[in-house]
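Hello,

Here is the structure I promised to hand over. My notes on it follow below.

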Amino acid sequence: MIKELETVIDPELRIDLINLGLVYGLSLTDGVATVTMTLTTMGCPITQVLTQMIETSLKRLPEVNDVAIDLVWEPAWSPARMSRFARVALGYHQ
């Protein structure tokens with residue numbers, strides 16, 4: 001499932017959700033893929049777009065019948081959660 005989520009690119013930052021560090025957990029139970037994740041900010045205007053992109057990417061897998069997104073705010077996202085690749089791509093130097 002991680003490979004599929006690496007294809008979901010944040011339209012604003014142009015980096016995938018995995019490298020941004022937005023995905024906190026993944027599970028698959030009885031055909032339901034559950035994605036525990038956060039967003040960079042509360043009230044993110046592209047929440048619906050990301051949700052649809054996640055569902056589309058995961059439903060490509062034959063073992064996934066449905067997708068549940070568990071949006072959490074704790075722990076809060078910070079740039080420290082980004083991969084080295086994302087930091088370099090975004091020019092973040094801390």
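Leu13, Leu90 and Tyr92 form a nonpolar patch on the surface, with about 210 Å² of accessible area together. Patch members have over 30% relative accessible area and no salt bridge, and nonpolar side chains (Val, Leu, Ile, Met, Phe, Trp, Tyr) are joined within 5 Å. A salt bridge here is a side-chain nitrogen of Lys or Arg within 4 Å of a carboxyl oxygen of Asp or Glu. Areas are Shrake-Rupley, with a 1.4 Å probe and only the protein chains shown as cover. Tyrosine 92 lies in the segment after α4 (84–90). Tyrosine 92 is partly exposed, at 31% relative accessible area (buried is under 20%, exposed over 50%, partly exposed in between).

This is a predicted model: local features need pLDDT of at least 70, side-chain atom pairs count only at pLDDT 80 or more, and totals for chains, interfaces and linings use all residues. Residues are numbered from 1 along each chain as its sequence is written, and side-chain values use heavy atoms, without hydrogens and water.

Now the sheet. It is open, with 3 strands in the order β1-β2-β3 and mixed pairing. The edge strands are β1 (23–29) and β3, each pairing on one side only. Strands are DSSP runs of E, at least two residues; helices are runs of H or I, at least four. Pairing needs at least two DSSP bridges.

Strands β2 (residues 32–37) and β3 (residues 66–71) run parallel, joined by 6 bridges. Valine 35 stands opposite isoleucine 69 in β3. Methionine 37 faces leucine 71 there in the pairing, standing opposite it.

Best wishes

Technical notes. Patch = residues over 30% accessible without salt bridge, like charges linked within 9 Å, V, L, I, M, F, W, Y side chains within 5 Å. Buried < 20%, exposed > 50% of the residue type's maximum accessible area, 1.4 Å probe, protein only.
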